[in-house]
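Thank you for making time for this one.

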Amino acid sequence: LAALVGHEILRAGGNAADAATAIYFALAVTKPSSASLGGGGVCVVEDIETETTRALHFLAVAPGTVPPTAARPSAVPGNVRGFSALHAKYGRLRWSQVVAPAANMARFGVQVSRAFARDLAKVEKALLMEPETRRVFGRKDGRGLVGEGDVLVQGDLAATLSLVSSQGP
């Protein structure tokens, strides 16, 4: 599904940076175990106009301070800002045009792929222990996590992606 989103972005006149950005956001919906809003990364860009190769580094970083009440400190994610930087420098289409498909997928639901179902199954016990992950990825009948072919609707993620689409990172 994410590859199809990238294909549609290219058909709409977008370039590789537009497609990569749209694919990332679509993967945040369809396979968040590999590409979530909470991650970071590195992107290598070959700019044929300037004949240069550049690397954008947006790995998640440790927070400056950790509150004493924090049970588990979390890194500050870099993906949204990183893909925003990639798109701002190299993209051709409007930001909202490349993020909106993912927001729509989260809002209306996508079928869980075999790959994502396998990822969830590997950590099912741990995910079911956390009320929030159980709410997002649990079956509506309460019997475990969503599986291959189930429709996964992610309303909170849709709202977040809609904000990112309209207001930026």
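This is a predicted model: local features need pLDDT of at least 70, side-chain atom pairs count only at pLDDT 80 or more; totals for chains, interfaces and linings use all residues.

Residues are numbered from 1 along each chain as its sequence is written, and side-chain values use heavy atoms, with hydrogens and water left out.

The secondary structure comes to 8 helices and 4 strands, where helices (H or I, at least four residues) and strands (E, at least two) are DSSP runs numbered from the N terminus. Along the sequence these elements follow the pattern α-α-β-β-α-α-β-α-α-α-β-α. The radius of gyration, taken over C-alpha atoms, is 17 Å, close to the 15 Å that the globule rule (2.2 Å times the number of residues to the power 0.38) gives for 169 residues, so the protein is as compact as a globular protein of that length. Its C-alpha trace spans about 55 × 40 × 25 Å along the principal axes. Of the 169 residues, 38% are buried, and by buried I mean under 20% relative accessible area, with exposed being over 50% and partly exposed in between, for a 1.4 Å probe and protein chains only.

Which residues of helix 1 are buried? In this helix, residues 2-11, they are Ala 2, Val 5, Gly 6 and Ile 9. They cover an arc of only 100 degrees around the axis, which puts them on the same side of helix 1; the arc is that of the directions from the helix axis to the C-beta atoms. As a reminder, an α-helix has 3.6 residues a turn, so residues three or four places apart point the same way. The face turned away from the buried side of helix 1 carries the exposed residues Ala 3, Leu 4 and Arg 11. The cover over the buried residues of helix 1 includes helix 2 and helix 4, residues 95-108. After helix 1 comes Gly 13, whose phi is positive, near 100 degrees.

Thr 30 lies in helix 2 and is buried, with a relative accessible area of 14%. Leaving aside neighbours within four places in sequence, Thr 30 is in contact, meaning heavy atoms within 4.5 Å, with Leu 1, Ala 2, Met 105, Val 110 and Phe 116.

Now to the rings. A search of the whole structure finds 5 aromatic pairs, a pair being rings of Phe, Tyr and Trp (its six-membered ring) with centres within 6.5 Å, counted as stacked when the planes are under 30 degrees apart, edge-to-face when over 60 and tilted for the rest. Tyr 24 and Phe 83 form a stacked pair, 4.3 Å centre to centre with 0 degrees between the planes. This pair links distant parts of the chain, since Tyr 24 is in helix 2 (residues 16-30) and Phe 83 in helix 3 (residues 79-90), 59 residues apart. Tyr 24 counts as buried at 5% relative accessibility, and Phe 83 is buried as well, at 12%.

The rings of Phe 116 and Phe 137 have centres 5.8 Å apart and planes at 70 degrees, so this pair is edge-to-face. Phe 116 lies in helix 5 (residues 114-122) and Phe 137 in helix 7 (residues 131-137), so the pair ties together parts that are 21 residues apart in sequence.
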